[in-house]
Amino acid sequence: MFVTVETAARTAPAAVIVAIDGPSGTGKSSTSKAVAAQLGLQYLDTGAQYRAITWWMLNNGIDVHDAEAVAAAADKPAIISGTDPRTPTITVDGADASGPIRTQQVTSAVSAVSAVPEVRARLTELQRTIARSAERGVVVEGRDIGTTVLPDADLKVFLTASAEARAARRSGELTGKEATDLAATREALVKRDAADSGRKTSPLAKAADADEVDTTELTLEQVVECVVTLVEKAARRAGQTA
Ligand SMILES: Nc1ncnc2c1ncn2[C@@H]1O[C@H](COP(=O)(O)OP(=O)(O)OP(=O)(O)O)[C@@H](O)[C@H]1O
Ligand SMILES: Nc1ccn([C@H]2C[C@H](O)[C@@H](COP(=O)(O)O)O2)c(=O)n1
C-alpha cells in the first residue's frame, strides 16, 4: 500500500495497540519510540527481550546452539521491560541489561535462541501481558507482533528498506574498522534476516492486513510522520467500532 502524509491535529489515541514489524535496520525502534512519545503511548521493544534472554544464556554457560538446553532454561531469567518511550529499560534478574544486550556476541547468538519454541512461548506471553496492561495504548515492535503476538492489533505496520540502505544506517552507528566495512555489515544483517525469516516458529513475516512502508528513500522524520498519521486513522476507526 502507498501511504500519503497528511497534516492532522496530534491527539493521544485512547488505548490503541500498534504492531510494528520488519527486518533488521528498517527503523522499527527509532520509529516506534518517536511515534509512541509523540502520541503519549507506551513502547515495547521485543527484540530487546530476545537479546536479554540470549545474554542470560551466554552468561550462564548455556550452549545457544543446543536447543534442548536453551528450552530447559527458558523460564529461568526474570526479564522486566520499562515501557516509557523516552527512557526504555530492560533488566535481567534485577541487573540493567541495556548495554550488554547490544554487544556483537549477543547479536550473533540471538537468532539461534529466538528460534527455540519454548523461548518464544515464554516471551510471547510476557509481551501480551504488557500490551494488555498498557492503559494509554502501546507501540510494540519486533518480527512477529502482527502475525502472532497481537493479531488483533488496531494497526499493523511492516517496515522495509533495501539491504544497502540498512547496512549504511548500521555502519553509521559503528566506530573504527567496523564502520568502514559496509559489505560485512550488509552480509551480517542479511544472514540474520534469513535466520529470522526461515525459522519454523513464528518467523519474521508481514501480516496480511499490515500496511507496508518502504523506508529506503525516506528520512526518519518522514517515516514517523507517516506512521503517526496511520495510528491516528486507526484510533478513529477503533473509536467508531468501540
Ligand atoms: N529512515 C531512516 N533514514 C536514515 N536512518 C534511519 C532511518 N530509520 C532509522 N535510521 C537509523 O538506522 C539505524 C537502525 O535503526 P533502528 O535501530 O531503529 O532499526 P531497527 O529496525 O529497530 O533495527 P533492529 O531490528 O536491528 O533493532 C539507526 O541508527 C537509526 O537512527
Ligand atoms: N518479536 C521478535 C523480536 C526479535 N526477535 C529476534 C530476532 C532478531 O534478530 C533478534 C534481535 O532483535 P532486534 O533487537 O534486532 O530487533 O531478536 C524475534 O525473533 N522476534
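**Figure 1. Polar contacts of ligand 2 in the predicted model.** A nitrogen atom of ligand 2 lies 2.8 Å from a polar side-chain atom of Asp 144. This view, like those that follow, is taken from a predicted model. An oxygen atom of ligand 2 is placed 2.8 Å from a polar atom in the side chain of Arg 120. The side chain of Thr 46 also takes part, with a polar atom 3.0 Å from a nitrogen atom of ligand 2. Taken alone, ligand 2 exposes 450 Å², of which the protein buries 97%.

**Figure 2. The residue shell around ligand 2.** There are 16 residues around ligand 2, and those that come nearest are Arg 51, Arg 120, Asp 144, Arg 192 and Asp 196. By residue class, the shell comprises 8 charged, 5 polar and 3 nonpolar residues. Helices α2 (46-59), α4 and α9 each contribute at least two residues to this shell. The greatest contribution comes from α2, which supplies 4 residues.

**Figure 3. Packing of helix α4 against helix α9.** Helix α4 spans residues 104-114 and helix α9 spans residues 182-198; their axes come within 9 Å and cross at roughly 10°. The two helices, α4 and α9, are therefore roughly parallel to each other. On the α4 side, the contact is made by Thr 107, Val 110, Ser 111 and Ser 114. On the α9 side, the contributing residues are Arg 192, Ala 195 and Asp 196. The residues of this contact between α4 and α9 divide into 3 polar, 2 nonpolar and 2 charged. Two of the α9 residues in the contact, Arg 192 and Asp 196, are also among the residues that come nearest to ligand 2.

**Figure 4. Polar contacts of ligand 1.** An N or O atom in the side chain of Lys 28 is 2.7 Å from an oxygen atom of ligand 1. The backbone contributes as well: a backbone N or O atom of Gly 25 is 2.9 Å from an oxygen atom of ligand 1. A polar backbone atom of Leu 220 lies 3.3 Å from a nitrogen atom of ligand 1. Ligand 1 taken alone exposes 630 Å², and the protein buries 79% of that area.

**Figure 5. The surroundings of Arg 122.** Arg 122 belongs to helix α5, which covers residues 117-132. A polar atom of the Arg 122 side chain is 3.2 Å from the backbone oxygen of Ala 74. Apart from neighbours within four places in sequence, Arg 122 is in contact with Ile 53 and with Ala 74, Asp 75, Lys 76, Pro 77, Ala 78 and Ile 79. Ala 205 is 83 residues from Arg 122 in sequence, and their C-alpha atoms are 20 Å apart in space.

Technical notes:
Residues numbered from 1 in each chain as written. Chains lettered and ligands numbered in written order. Predicted model: local features only at pLDDT ≥ 70, side-chain atom pairs only at ≥ 80, totals over all residues. Heavy atoms only, no water. Axes fitted to C-alpha atoms, helices over the stretch in contact; angles between N-to-C directions. Parallel < 35°, antiparallel > 145°, perpendicular 65-115°, else oblique. Contact = heavy atoms within 4.5 Å. Nonpolar A, V, L, I, M, F, W, Y, C, P; charged D, E, K, R; others polar. Polar contact = N/O pair within 3.5 Å; in protein donor to acceptor, adjacent residues only side chain to side chain. Areas by Shrake-Rupley, 256 points an atom, 1.4 Å probe, with all protein chains shown as cover. Near = heavy atom within 4 Å.
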